[in-house]
Each structure stands twice: as structure tokens, then as C-alpha cells.
Amino acid sequence: MQKESPLDAHLHVAALQGDVETLRRVLDTGRVHVDCKDRDGTTPLILAAANGHLDCVDELIEQGADPRARRTTGTTALFFAAQGGFLDIAQTLLDNGAQVDSASMDGGTPLFVACQCGHLDVAKELVSRGANVNGHMKDRATPLFMASQNGHGRVVLFLLEAGAAVDARRTDGATPLWIASQMGHERIVRVLLRNGAAVDTTRHDGATPLFKAAHKGHTAVVDELLPLRPKLTLLPNGESALHAAALFGHVAVVRKLVAAGSDPALRNQEGLTASQLAADNKHRVVVDLLESLQAVARS
């Protein structure tokens, strides 16, 4: 790659700052290429798009900037416009030949980052232009997975309506429901379940959505999952959701799990009950609760 000249740098700064007059003056010298790149392969158009400067984007395109130009990471001006939520810039780039599903080196597309950041209007525009709602990163995380992880409920609804696969798995086996449960997004858990998400999908370590919700103490998520009758016995990881809740002292979750049918006498792969785990970790309230519940069950 050709070394960046001082004039190239001047053009980059103008694009970065949204200084369209300086940008125009530099280009009018005829001594700098409109798509000059820095050492990371960033062009002025990418900088202008990433920072929301529509007037600079318009000027650069008018002067011949390539909307398909990529940084060394594979990211484009459209990628950054989508990430920033700049709908007008995204539309301009698409109107001028930007590739809607152009992917970065890790597989991320403009739709992926729009959904990750919760930009519903941009996501709708990209899908209307042909973006693949079931595209995925190299780790096979989808736009739905990222929207679920980050708590963007309206984006989740839109993606499902647009045909996103509700149980698409990341390479480690995690699904959108699994990640939403871990993060404590009960409204998204509810939406995913109503759209057919499988309640007991497991990550490769054997943990289910209920196990992660119990482990994190997300009582509202547990409330959403329990009516679907998730597995309460030992999981492939050798633990149960009750063990996970007891280990971390989540009293409300322990109470809900036992009420739903979890067995306080169940032993994990190490031969320990939930009460013993709670005692080992000094969660006396949990120990007392479990002992009282067992006493009631025996009476």
C-alpha cells in the first residue's frame, strides 16, 4: 500500500470532522485520490460514513469515491453507517452501489452490526434491500443472536417476522434463547418462546437456558421458562438448575425451582446436594430454605 501523504491525511481529517469545505478544497487540488487509504485501508468515505457526515459522503461520492472500498478488516462505509445508525447515509451508499451483505473478515455484515446496536430503521432498510437475516459470523452467531444478547426487543421481533431462524446455533451450541436467558432479558425470552424457541437447547458444556438464568439469578427469566417445563434434573454438565441457583445464593430462584418440581435431594456429579453447595459457599438462607422445604415434603 502506498504511504499516506500529508495531503491524504488532510483529506482524512476533513472527512472525519465533517468539514466539507476543506474536503472539497483538498480534492480540488487534483493532488490527492478520492479513495486514498491510511495504513488500515480506511478511505475518506469510510470516515465520513462512520461519523455521520452525510454532506461529506455526498461530496465524496459525487467526486467518484467507491462505496465498496474495504478496510484491511474487510469493513466498508456501509458497515460503519449501519453500526452508527445513520439511515440516510446507509441509503445513500446503497443507492450508489454499496454491497448490502459485504462481510468483514470475521463475517460481520452491515445487518449484523445494525442489529447488534439496536438500529431498527437501518435493519429494516437493509433487509428491504436484500440483506440475509440468517447470515452469520464465523462463530455462526446471527443477527437475531446479537439482538437477543443486547436486549433489542423490537429488532428481535422484526427479525423473526422477516424469517430469522429462532434456534440458530452459534458454534458453541448457544441459541438466541440461551443468550437472552443468560443476559436476563425476560421480554426477549418471552418473544423467542412464543415464536417456537426450544426451551432446553444446550450449549456444548451442557448448560440450558434455565441453568444460566438460575446461575445468574434472573428470576423474571426463570418465570418465563418454567411454564414450558424445562429439564429440572441433572444436565450433561453434571449439575441441575437448582444446584446453580443454590451455589450462588439466589433464594428466590431456589424457591421457584423447588415449587416447579426440582428435587432438593438430587446430587450433582460430585455427590453434593444443592443444600450442601449452598452451605459450602456460606449461603445460610438458602440452606435453611431447602431444609424447611424438605421437612415439609417429608411431613
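A contact here means heavy atoms within 4.5 Å. With that in hand, take the contacts between residues at least 6 apart in sequence: 68% of them join residues at least 24 apart. This is a predicted model, so to speak for itself only where local features have pLDDT of at least 70 and side-chain atom pairs reach pLDDT 80 or more, while totals for chains, interfaces and linings use all residues. Residues are numbered from 1 along each chain as its sequence is written, and side-chain values use heavy atoms, with hydrogens and water left out.

Now the overall build. The protein has 18 helices and zero strands, where helices (H or I, at least four residues) and strands (E, at least two) are DSSP runs numbered from the N terminus. Its radius of gyration is 26 Å, well over the 19 Å that the globule rule gives for 299 residues, so the protein is more spread out than a compact globule. That radius is taken over C-alpha atoms, and the rule is 2.2 Å times the number of residues to the power 0.38. Along the principal axes, the C-alpha atoms fill a box of roughly 90 × 35 × 25 Å. Even so, 50% of the 299 residues count as buried (under 20% relative accessible area; exposed is over 50% and partly exposed in between, with a 1.4 Å probe and protein chains only).

Look at residues 73-105: the span is 52% helix and 0% strand, with its end C-alpha atoms 6 Å apart. Residues 172-204 are likewise 52% helix and 0% strand, and their end C-alpha atoms lie 5 Å apart.

Most residues other than glycine have a negative phi. R140, in the loop between α8 (120-128) and α9 (143-149), has a positive phi near 70° and is partly exposed at 42% relative accessibility. R229 sits in the loop between α14 (219-225) and α15 (241-247); its phi is also positive, at about 60°, and at 73% relative accessibility R229 is exposed.

Finally, go to helix α18 (residues 284-298), which holds E291. E291 is partly exposed, at 39% relative accessible area. Leaving aside residues up to four places away in sequence, E291 touches S275 and R284. R154 is 137 residues away along the chain from E291, and their C-alpha atoms are separated by 43 Å.
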